[in-house]
Each structure stands twice: as C-alpha cells, then as structure tokens.
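Here is a short briefing to read with the model open beside you. It begins at the ligand and then moves on to a pocket.

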Amino acid sequence: MQIDNNLLRQQFAQAFGPGGRVRIIRAPGRVNLIGEHTDYNDGFVFPMAIEPEVRLACRAREDGKVRFSSTLFAGEVAEFSVDGDVARAAHGHWSNYPRGVAAMLKAAGIPMMGMDALLTNSLPGGGGLSSSAAIEVATAQGFLALAGYNMEPMRLALICQKAEHEYPKVPCGIMDQMIVTTAKIGHAMLFDCRAFMRKPIPMPPEELQVVIANTMVKHDLTGADGKTEYAKRREQCGMGVTYFKTIKPGIKSLRDVTPELVNGAQGKLDDVVFRRCRHVVGETQRCQDAAAALVAKDYNKVGELMKQSHESLRADFEVSCEELDFLSSEANKVAGVYGARMTGGGFGGCIVALCQPSAVAALIAHLQTTYKNSKYGIDPVVFATSATSGAGVME
Ligand code: GLA
C-alpha cells in the first residue's frame, strides 16, 4: 500500500486548517534478518528498512503548542507544549512517543517550534516491525525540519532511543532507531552495537527476496510486578554479566563472553540465566557469520543460521510463541526458501524468510493458506519487501 502525499495534505488541512508550509517526512519500518536480543548486550544486529512506513505531515506553530494526531489513533489529538517541561501522558498512551521525542530534543538543546502534525502509516502498529521507532524518528525529523536543523543520523537515533526509555518507558536497544535513521536502499546493515560501526551489505533483488509474515498476535506478557518479558530478559542478561565478571573481571557485557566461557558456566550458573547467555553469545556469532555468508553469496548458509537463530530464541531465550514457530517452520518447507525465523522482540509479531525470487509467490500463498487453515484460523498479512532507505524529509 502506497501513501499518497496529496491525500495526506488534504487530511492535514481538514484536521488543522489550510495554509502555511506543510512538510512531509517519511520513516520506514524495519525487519531484522538475524542478531536478535543482542543489541543491548553490545553484540551485532543485521536489520534492513522495509517498504511499509509512516509519514508525518507537519507545520510550525508560533505558540509552542504541539497538536499531534495519527490515523493509527483516529479521532484523538494529543496536545502538549514545548515551552516548558514536556508533560508525560498516562502510562501506555501512544502520545508518549512524540512527547518523549520533543522532550529529548529539547534536552539536547535543539530550538523547538510548536507544530501541528498528522501521522499516517502503511506500517502496522505493534506488529514487531518497529512502528515505534518509525514514529519517533518521523516526529524528530519533523521538529528538526521546522527548526531548520540538521542532525547526524546516529545522534538522532540515540535521542529517539532515550525518548522511548524515558516516556513510554520501554527499555529498548539501539537497533530499531539506528536502522530507521541510517538504512541504505538495496542493503541490509550489519551494525556493531558496541563500536557503533555500520557496514551496509547489498541484498541483490534478482538473487534474494525477503518475505515477512505477520502472525497478527501480540502476547502481552507484562507480569504482576509490571515488568515486561523484554525487561526481564535484559535483567537476566545483566545477571549473566555479573557472574562472568567474577570469573574474568574484564568482562563488561555478554559481547565479551566466549562460547567456551558460556559453556563452562552450565550447571554453575542459574539454568535460565545460563540459557539466556548461551543465546546471546551464539547469536552474536551467528549474526557476523550470516553477514559474511551473504557477502560470499552463500545463501544456504545464511538460511541455516536463521533457522538456528529461531531455535535458540525459542528454546534458550524463550521469546518465541506457537504462532511464530508455526509460520517459521511452514516457511522452511517451501522450495526455494533459504531459511526463516521470528524477527524482533518476539511473543508475536512477524517472521522473516529469505528466499529465491522464484519462490516468493508460492511462499506467500503457502503461509496464507496454512495459517488460515490451522487451529489459529487467522488471515496473516504476508508480503515481500525490498530494502529501502532511512527516514528523511520528502517535501
Ligand atoms: C525490540 C527492541 C530492539 C531489540 C529487539 C530484539 O525490537 O526495540 O532494540 O532489542 O527487540 O532484538
């Protein structure tokens, strides 16, 4: 589905009145090919930006007020001011994303204008394709465009990550904001989350296609203590680091733990923490190996590593779910598919499959029919996507 900027301008004028200079920003969603739950452990990730995206139409206001609405949350207008401290909305309210971005840009010393803003999307919200980071980055670029300010993409990514930590209170890593701001068209990005080094790797469309299938489920696993499973995983990784430090004081994160060291901890370290660590250590290696195999055009190997990644996320890190297991294993049955796995944080959301171009139609049809005819009985959204560029001002 393509977003029509003329239609967006009309919707904007209906919501906020005609006139003035209206800017349009686009920010893509992302899919991670491999390297899951490694970013907050200083490891490697390998995402690319995808065709579904958000677009923000915005116009400056002189009174420091922000009026923000979104076709994702039709009929609601969030209002806040950038003159004083930016107020947080109730926990769980979507407007904490734009509010957080405004607050963090302010804290970074950016001269802030008020704005009227309308967000629209072809990227589903909450589907594990990083709609949150897309919304944050589009909002930030809107404020920057109105202030006539350019910002280096990684600085922007870090500001948006901080916004997500402090306003919606999601303790995310840097992968999503990094790829949404820096993606290169036709490429996936190998990113070293410790050194902050990026390496774009070509994804030749005549050789390789990426297919995404959405389970359409999101298992909300917030515990009685208010902690999400994501936050618990981060904590468990931290417990692992504490243990490994007692063995080797130089260890700062799971990135520093070797496979030998992690295997030696079996039986000594709490079993859950041990398995979390084993996933992260293995996944950091798989991610680098997959990027090297992609460069070498050894697509079978990339696919094998993707399958191993899924298995490790399912059994050791325990962030998969039945629906993700089902769709991944069905994808792996289709001729011409190199490999498939869950992608993103987990507990629902999407799988990603890498396949030969000639396999795309059969893969999409197979996933649609088998999922619909399974006990889940749901129509999944399944699509092929090319690797797109990072966020930017369109008009
Ligand atoms: C979410 C987070 C990312 C990353 C992934 C798991 O998408 O926002 O930072 O941790 O989960 O790889």
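Predicted model: local features only at pLDDT ≥ 70, side-chain atom pairs only at ≥ 80, totals over all residues.

Residues are numbered from 1 along each chain as its sequence is written, and side-chain values use heavy atoms, with hydrogens and water left out.

**Around the ligand**

- The shell (residues with a heavy atom within 4 Å of the ligand) is made up of R30, E36, H37, D39, Y40, C172, G173, M175, D176, Y230, G344 and G345.
- D39 places a polar side-chain atom 2.5 Å from an oxygen atom of the ligand.
- H37 uses its backbone instead: an N or O atom there lies 2.7 Å from a ligand oxygen.
- For R30, a polar side-chain atom is 3.0 Å from an oxygen atom of the ligand.
- The protein buries 92% of the 310 Å² that the ligand exposes when taken alone (accessible areas by the Shrake-Rupley method with a 1.4 Å probe).

**The lining of the second largest pocket**

- By class, this lining has 10 nonpolar, four polar and three charged residues.
- β3 (47-61), β9 (209-218) and β12 (381-385) each supply at least two lining residues, and β3 gives the largest share, four.
- Strands here are DSSP runs (E, at least two residues), numbered from the N terminus.

Key:
Nonpolar A, V, L, I, M, F, W, Y, C, P; charged D, E, K, R; others polar. Polar contact = N/O pair within 3.5 Å; in protein donor to acceptor, adjacent residues only side chain to side chain.
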